[in-house]
Amino acid sequence: MRKAVTTSALAATTALAAGALATPALADLTIASWGGSYQDAQRTLYFEPFAEERGISIIEDDFVGGIGGLRAQVTGGAPNWNIVQVESEELILGCEEGLFVLIDYDMLEYDEDDFIEGAATECGVGNIVWSKVLGYDADRIEGDTPESWADFWDLETWPGQRGLRRGAQYNLEFALMADGVPADEVYDLLRTEEGVDRAFEKLDEIRDDVTWWEAGAQPLQMLASGEVALTSVYNGRLTGSNRAEGTNFAGVWPGSIYAIDSWVILEGTPDVELAHDFISFASHPERQAQLPEYIAYGATHAGADEYISDEDAPHLPTTPENLEVAIEFDTEFWVENIEALNERFDRWAAR
Amino acid sequence: MTVSGPDTTGPELRARLRRSRRRSTLISVGLVAPVVLFLVVFFVVPIVQMLGVSVYDRSVSDGMPRTAAVIGTWDRDGLPGEHVYAAIAEDLIEGQAERALAGPARRLNQELSGYRTVIFGTARGLSEEPPESWRETLIEADERWGDPAHLVVLQRAVNPLTDYFMLYALDMERDIEDAIRLQDSDERLFLGLIQRTLTIAVTVTLVCLAMGYPVAFLLANIGGSLRYALLVLVLLPFWTSLLVRTAAWIVVLQSEGIANTFLMWAGFTHEPIRMIYNRFGTIVVMSQVLLPFMILPLYAVMSGISHWNMRAAQSLGATFSTAFRRVYVPQTLPGVAAGTLLVFMLSVGYYITPALVGGASDQMLSYFIAFYANETVNWGLAAALGTVLMVIVLTMFLIYNWIFGLDRMKLS
């Protein structure tokens, strides 16, 4: 008797579990993005209106970055997520591994040419543009304000510590620009040994005056406390701090480095057409132009610019004046060289 | 009077005794089983897996199977034959179509920066039509196909069993003749890193001992409410989040922080002293975070030492310092051993504190493990460095066991 009960209970549990596994998904679309206030803004602008317009349900999740998690989902069969917002590095790596559905631009409302350069790729559609700029606290600097990476290296005119993110990435680019290399030649030069040597030699000049930061919030704290006079910093956080904390931080656009985060569709997604429709929806220029009201990231639709308010425009990487003087982060270069250059960076730092 | 009866003598008794022993053995095995199982599943298996990842990698042999089958025939005298190049080309063409090249490209690029471009750049340009010579076609597509160093890396990497990562984690490599040698001194990184990690861990341990010993002594020798107040002061930070404490130290030590403001107000210095984002800050913050792990075992041992011992020594003519040195301190050694072992073990694997308050040259092994595991997905090297860390900890443990004997150690 007792055994019979156990067996039937077991059978019921197994059936339940099998049922749960067989059900393809709890929602029509599962989207993972970067969480926090950023995802709150995306929910208001994209997720909720799209779900309402199409009469579907959307489940959200947080993506914390890294190719490993995406790989595990795709190779494990049906992925839990359908659409993910990834950084340029994961876009390249995942595309090479075949983790993403190839974007069919015929299924989108927009052509590749409708997007800014570098946003429409084989495996993903760019959604935001963020940038790393030279930042300073305008309340603490009297007289001339810095305007370039050469000024960042000028310890006499602007005394005080410099903040840079620990590691080689971005800093080698900044060093070459400070050394007078034109922005559009930076990565060509970095692909040569002389270029890398030159960048490290330039870094030598400010070696003892750099405070290295690790987390994206640190440079803001360092600016606010006067720990550093000038620092590299993410533009979105700079504007965010000015809005939320009332600080008077300023960013320098010439020599800034921007990167694009993209929507990708994970391989194994059941309704690929719906996923494309969502990406179309989130690429709508007028809709994209509203994001900067929440957070200072640029739009990827080339036509979004005309809808962006005059108030937001100066703070965005994609505003033409800002975009012209910036360079795009060369993800291919860094995917290939990050280990060797970061190891060299540590040897350089320990010397 | 005899106490013998039919039940209590001979084989019958022995059998019962055996039964009851067996039962109690079964019970104790049953009680221990869950924890053993837990340890095996969540501790031993992952560690063995980690060790495996550092020496075993199938990405090239799986991603380029034809190459793997034939490249072993190359004797490294001159360039490989046409059949090897043909195998490489076929693997590249098929791998490109099936998106199977990411694994080999990543693995080869780990050994030689630029290999990704060699793989993907060549694969994109190849057409399936066999040319006259695959060798010339490949070398024309990328001249590195004619470079023996690149081909040797490929030849080695097709073997799933590899010592590359372990050697690399110790700044060693195999030269073109397969002999193991130390890398050139300006190329070395990890030996210095291991030394740096040990230096920081030992320094933190000594600082904790120097600061914790008097506190524990005080705790053990004062009475009543004062002791509780002191104990709470020791434990309160222990219960506070590591991140919060680290952030608090930034407020204290930064150039316009509390410490500098005080020092300048008191006239000790005219300009701010740099106390954070360097080695000093790392040691201070790590020591504060780990101090309770030193104080608690010391306190446990000290509170068991009778204060009559010291009095007896003094009554026999020893000065206080002699009595303290020769009577009291030796009795606290088990606590010292436990505290230093705990603090050393914890600090040697530290990651977040040095990352937030250290400079560029204060990062420890764990920082690099995280970098390779999370950022560059180089699990082989991350696992190899993890193995190095584990060997350090185990060695320390064995040395301690040999000197102090773990059974004598009191952990709290």
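**View 1. Where chain B meets chain A.** The contact between these two chains takes 25 residues from chain B and 26 residues from chain A, with two residues in contact if their C-beta atoms, placed from the backbone, lie within 7 Å. Keep in mind that this is a predicted model, where local features need pLDDT of at least 70 and side-chain atom pairs count only at pLDDT 80 or more, while totals for chains, interfaces and linings use all residues. Residues are numbered from 1 along each chain as its sequence is written, and chains are lettered from A and ligands numbered from 1 in the order in which they are written. On the chain B side, the elements giving two or more residues are α5 (102-111), α6, α17 (352-357) and α18 (365-375) of chain B. Helices (H or I, at least four residues) and strands (E, at least two) are DSSP runs, numbered from the N terminus. α5(B) gives the most to this side, with 3 residues. Sorted by class, the side of chain B that touches chain A has 9 nonpolar, 13 polar and 3 charged residues. (Ala, Val, Leu, Ile, Met, Phe, Trp, Tyr, Cys and Pro count as nonpolar, Asp, Glu, Lys and Arg as charged, and the others, Gly among them, as polar.)

**View 2. Helices α4 and α6 of chain B pack against each other.** Helix α4 (residues 82-98) and helix α6 (residues 115-125), both of chain B, pack at an angle of about 85 degrees, with their axes 9 Å apart. Axes are lines fitted to C-alpha atoms, for helices over the stretch in contact, and angles run from 0 to 180 degrees between N-to-C directions. That angle makes α4(B) roughly perpendicular to α6(B); angles under 35 degrees count as roughly parallel, over 145 as roughly antiparallel, 65 to 115 as roughly perpendicular and the rest as oblique. From α4(B), L92(B), G95(B) and Q96(B) meet I119(B), T122(B), A123(B) and R124(B) of α6(B).

**View 3. Helices α11 and α14 of chain B cross.** The axes of α11 (residues 224-239) and α14 (residues 279-302) of chain B come within 9 Å and cross at roughly 125 degrees, which makes α11(B) oblique to α14(B). Who does the touching? V234(B), L235(B), P237(B) and F238(B) come from α11(B), while Q288(B), P292(B) and I295(B) come from α14(B). This contact has 6 nonpolar, 1 polar and no charged residues.

**View 4. The largest nonpolar core.** It has 178 residues, and those with the most contacts inside it are I83(A), V264(A), L266(A), L290(B), L365(B) and L385(B). (A nonpolar core is a set of buried Ala, Val, Leu, Ile, Met, Phe, Trp, Tyr and Cys residues joined through C-beta atoms within 7 Å. Buried means 20 or more other C-beta atoms within 10 Å of a residue's own, exposed means 12 or fewer, and partly exposed is in between; C-beta atoms are placed from the backbone.) α14(B) gives the most to this core, with 14 residues. Zoom in on L365(B): not counting residues up to four places away in sequence, L365(B) touches L193(B), I194(B), T197(B), L385(B), V388(B) and L389(B).

View 5. R99(B) counts as partly exposed because it has 14 C-beta neighbours inside 10 Å. With 9 C-beta neighbours inside 10 Å, D178(B) counts as exposed.
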